[in-house]
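Here is a short walk through one structure. Keep the sequence and the 3D view side by side as you read.

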Amino acid sequence: MAETPESTDGLVLLDKPPGMTSHDCVKEIRKRCPRHVKVGHGGTLDPFSTGLLMILVGKATRLASFFQGMDKVYEGIFKFGASTDTFDCDGKVVEE
């Protein structure tokens, strides 16, 4: 049985790449859905981070408030002794 737009509901677990915002990811999923289908996310991830982003589709968008308050855990690699002009990994090193 072929899926109809009315059955486009659920959760997409997306491995978010670095450099994309959570909104960018929602926008990409939205392009692949029928026009009337709502798409949202279960909480933002920092644009520099990678990790699991919960994309909610169709009727599942009603559950967003249950996911948005959940804890997140970040792991990172730090380079001590270096400063950049933007205070993040995208900036030029101005002091070491």
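**Surface, fold and two places to look**

About 7500 Å² of accessible surface belongs to the chain, and 57% of that surface comes from carbon and sulfur atoms. Accessible areas follow the Shrake-Rupley method with a 1.4 Å probe; for residues, only the protein chains shown count as cover. The model is predicted: local features need pLDDT of at least 70, side-chain atom pairs count only at pLDDT 80 or more, and totals for chains, interfaces and linings use all residues. Residues are numbered from 1 along each chain as its sequence is written, and side-chain values use heavy atoms, without hydrogens and water.

Start with the fold. The chain holds two helices and five strands. Their order from the N terminus is β-α-β-β-α-β-β. Helices (H or I, at least four residues) and strands (E, at least two) are DSSP runs, numbered from the N terminus.

Now the overall form. The C-alpha atoms fill a box of roughly 60 × 25 × 20 Å along the principal axes. Of the 96 residues, 27% count as buried. Buried means under 20% relative accessible area, exposed over 50%, and partly exposed in between (1.4 Å probe, protein chains only).

Next, find F87. This residue sits in the loop between β4 (83–84) and β5 (93–95). F87 is not a glycine, yet its phi is positive, about 65°. F87 is also exposed, at 77% relative accessible area.

Finally, turn to L13. L13 lies in strand β1 (residues 10–16). Its relative accessibility is 53%, so L13 counts as exposed.
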